[in-house]
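Take a first walk through this protein model.

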Amino acid sequence: MTAQASAVVPALRAEGTIGLIAPAGPAALDVEKAGQWMRTRGYELRIFSGVYERDGYLAGSDKVRLRDLHAAFADPDIDAIFCLRGGYGTPRLLDGVDFALLAANPKPFVGYSDITALHLAISRYAGFVTFHGPMLNADLLGDKQQPTESSLFSLLRGQLGAGSVLAHPVAYPLTTVEPGIASGRLLGGNLSMIAAVMGTPFEIDAEGIILFIEDVNEPIYRIDRLLTHLRLAGKLAQVRGVLVGDVAGVDGVALERLLKQTFEPLCIPVLAGWRSGHCDPNLTLPMGALVRLDAGEQRLVLEQEVVLKA
């Protein structure tokens with residue numbers, strides 16, 4: 001069975017407008033620096049009001065954060081939506097999201113970490129490609145090294161189409177945990193968040209996917225527990241291959257051993273060390289898009305267009 005491709009979104013046009021929202025935690029934003037950063041790249045930045053709010057460990061109330069999400073998708077002048085940061089609180093929005101509104105107004109949506117909850121939900125209920133990629137505050141304004149920025153914009157602008165190899169910097173060697181080739185929709189994100197929404201209507205649809213996972217500040221025994229959770233829930237048996245991003249703070253030898261223990265019985269390709277997640281550089285990945293993973297050759301290839309150029 002061939003995995004069904006997610007719908008493409010309009011490409012980020014030159015001299016467009018990027019909307020900034022804060023679906024998760026708060027952060028102090030240097031508005032002048034943010035605006036200048038965007039203008040030098042040819043874009044206007046529209047900051048939605050919830051970015052300026054704080055409700056404890058959340059960037060504004062659930063109502064405010066949900067309002068901004070809907071407003072950014074509904075506004076025809078917004079060409080792409082970037083998230084301020086991750087943190088906490090995105091799952092609190094899920095049962096209030098108007099997925100019909102999102103599906104009627106698809107556009108590039110970018111974030112990672114806690115934002116994983118929205119990637120999974122949008123894939124399941126709105127059906128278009130989203131982008132696991134850098135956020136404005138910590139990544140783009142934080143001057144993370146290339147190809148953080150170029151990886152993001154090459155995908156959003158449509159410079160990488162079907163058949164394109166998603167390049168990985170040679171300075172960061174990859175590890176073939178299990179060789180092999182598999183195709184499927186690329187889906188996943190932060191491992192803790194994938195596990196957190198299990199048992200809800202927004203859990204990952206793992207049938208026939210290439211699973212992407214990353215995490216930060218989780219000791220190896222918790223990574224083990226999270227993977228075991230997915231295995232016991234029957235999710236790992238459904239996937240065709242696994243791409244492991246950055247697992248910050250975990251010893252590489254211990255992680256490789258755990259990955260082998262977990263995935264070797266499934267006889268699927270597993271490639272580890274992809275620089276996506278809480279790392280520098282932080283490469284962008286198209287969630288929901290059809291890809292081909294060749295773990296032996298350490299290559300990830302797009303098998304569909306991810307944006308529609310005008």
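This is a predicted model: local features need pLDDT of at least 70, side-chain atom pairs count only at pLDDT 80 or more; totals for chains, interfaces and linings use all residues.

Residues are numbered from 1 along each chain as its sequence is written, and side-chain values use heavy atoms, with hydrogens and water left out.

UniProt positions follow the numbering used here, feature names are shortened, and annotations may be inferred rather than shown by experiment. The span 18–133 is 33% helix and 16% strand, and its end C-alpha atoms lie 15 Å apart. Helices (H or I, at least four residues) and strands (E, at least two) are DSSP runs, numbered from the N terminus.

The unreviewed UniProt entry also places the feature "active site" at Ser113, Glu214 and His278. These residues are spread over 166 residues of sequence, yet they cluster in space: the largest C-alpha distance is 8.4 Å. Of these residues, Glu214 is included in the lining of the largest cavity.

Look at Ser113 next. It sits in the loop between strand E5 (109–111) and helix H4 (116–125). Ser113 is buried, with a relative accessible area of 11%. Buried means under 20% relative accessible area, exposed over 50%, and partly exposed in between (1.4 Å probe, protein chains only). Helix H4 has 8 of its 10 residues buried, so it is largely enclosed by the rest of the structure. Among the buried residues of H4 are Leu118, His119 and Leu120. Just after H4, Gly127 takes a positive phi of about 75°.

Now turn to the empty space. Rolling a probe the size of a water molecule over the atoms shows where empty space is left. The search uses a 1 Å grid over the protein atoms alone: a cavity is a set of points where a 1.4 Å probe fits but cannot get out, and a pocket is an open set with protein on both sides within 12 Å along at least five of seven lines. Lining residues have an atom within 4 Å of a point. Grid points are joined across faces, edges and corners, and a volume is the space filled by probe spheres set on the points.

The largest pocket has a volume of about 420 Å³. Its lining has 20 residues, and Gly87, Tyr88, Ser113, Asp114 and His278 lie nearest its centre. Helix H5 (136–140), helix H7 (191–196) and strand E9 (209–216) are the elements that give two or more residues to this lining. H7 gives the largest share, 3 residues. By class, the lining of the largest pocket has 8 nonpolar, 7 polar and 5 charged residues. Ala, Val, Leu, Ile, Met, Phe, Trp, Tyr, Cys and Pro count as nonpolar, Asp, Glu, Lys and Arg as charged, and the others, Gly among them, as polar.

The second largest pocket has a volume of about 300 Å³. It is lined by 17 residues, with Thr175, Gly252, Leu255, Ala272 and Gly273 nearest its centre. Strand E7 (175–178), strand E10 (241–248) and helix H9 (252–263) each supply at least two lining residues. This lining divides into 10 nonpolar, 4 polar and 3 charged residues.

The largest cavity has a volume of about 40 Å³. Its lining includes Leu191, Glu214, Asp215 and Leu255. E9, E10 and H9 give two or more residues to the cavity lining, and E9 has the largest share, 3 residues. The cavity lining has 7 nonpolar, no polar and 2 charged residues.

Finish at strand E13 (residues 290–294). Here 4 of the 5 residues are buried, so E13 is largely enclosed by the rest of the structure. Two strands pair if DSSP finds at least two bridges between them. E13 pairs with strand E8 (residues 181–190) in the antiparallel sense over 5 bridges, and Arg292 in E13 is the bridge partner of Ser183. E13 also runs antiparallel to strand E14 (residues 299–302), joined by 4 bridges. Val291 stands opposite Leu302 in E14. The hairpin of E13 and E14 has 4 residues between the strands, and Gln298 takes a positive phi near 60° there.
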